[in-house]
Amino acid sequence: MLSFSAAKALTVKRKKKAKIVFLGSDCSENTLDKFKNKCFYYKTELNTMFTSEELSHSIGKTRMVLAITDNGFCNAIKKYLGGVENEG
């Protein structure tokens with residue numbers, strides 16, 4: 001499952017379902033700090049290697065944040081990206 005909005009991504013993290021969160025590298029400092037703190041607290045991987053335009057293009061909707069909740073999908077993405085570790 002993918003969560004597309006920032007509010008939905010935060011809700012998914014609070015329920016401890018998010019496996020990895022992709023945040024656009026061009027987000028504001030406030031947004032970055034908020035997601036870094038939340039991901040650290042909930043022990044969720046945060047990845048900022050893509051811009052919001054790249055994230056939006058990948059799903060066909062304008063978004064700055066994506067939360068992946070499926071273990072298999074998360075592992076496949078990590079494998080595809082070459083095992084990129086948490087950047088947050």
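Start by selecting leucine 32: leaving aside residues up to four places away in sequence, it touches Leu23, Cys27 and Thr48, where contact means heavy atoms within 4.5 Å. Before going on, know that this is a predicted model, in which local features need pLDDT of at least 70 and side-chain atom pairs count only at pLDDT 80 or more, while totals for chains, interfaces and linings use all residues. Residues are numbered from 1 along each chain as its sequence is written, and side-chain values use heavy atoms, with hydrogens and water left out.

**The whole chain**

Zoom out and colour by secondary structure. Helices (H or I, at least four residues) and strands (E, at least two) are DSSP runs, numbered from the N terminus. Of the 88 residues in the protein chain, 36% are buried. Here buried means under 20% relative accessible area, exposed over 50%, and partly exposed in between, with a 1.4 Å probe and protein chains only. Among contacts between residues at least 6 apart in sequence, 77% join residues at least 24 apart.

**Helix 2**

Next, select residues 29-41. This is helix 2, with 13 residues, and it reaches 18 Å from its first C-alpha to its last, close to the 18 Å expected; the expected span is 1.5 Å times one less than the number of residues. Which residues of helix 2 are buried? They are Leu32, Phe35 and Cys39. Look down the axis of helix 2: these buried residues fall within an arc of 75°, so they line one face of the helix. That arc is taken from the directions from the helix axis to the C-beta atoms. An α-helix has 3.6 residues a turn, so residues three or four places apart point the same way. Now turn to the other side of helix 2, where Glu29, Asn30, Asn37, Phe40 and Tyr41 are exposed.

**The cores**

Show side chains for Ala18, Val21, Leu23, Cys27, Leu32, Phe35, Cys39, Leu46, Val65 and Ala67, the 10 residues of the largest nonpolar core. Such a core is a set of buried Ala, Val, Leu, Ile, Met, Phe, Trp, Tyr and Cys residues joined through side-chain atoms within 4.5 Å. Strand 2 (20-23), helix 2 and strand 4 (65-68) each supply at least two residues of this core, and the largest share, 3 residues, comes from helix 2. A second, separate core has 7 residues, among them Ile20, Leu55, Leu66 and Cys74.

Cysteine 27 is buried at 12% relative accessible area, and cysteine 39 is buried at 3%. With a disulfide defined as a pair of cysteine sulfur atoms within 2.5 Å, the count comes to 0.

**Loops and a cap**

Move to lysine 43, in the loop between helix 2 and strand 3 (45-47). What is its phi? Lysine 43 has a positive phi of about 55° although it is not a glycine. Most residues other than glycine have a negative phi. Lysine 43 is also exposed, at 76% relative accessibility.

Phenylalanine 50 sits in the loop between strand 3 and helix 3 (52-59) and is partly exposed at 24%. Its contacts, not counting residues up to four places away in sequence, are Phe22, Leu23, Gly24, Ser25, Leu55 and Leu81.

Finish at helix 4 (residues 71-80), where aspartate 70 caps the N-terminal end with a side-chain oxygen 3.2 Å from the backbone nitrogen of glycine 72. Just after helix 4, glycine 82 takes a positive phi of about 85°.

Conventions
Polar contact = N/O pair within 3.5 Å; in protein donor to acceptor, adjacent residues only side chain to side chain.
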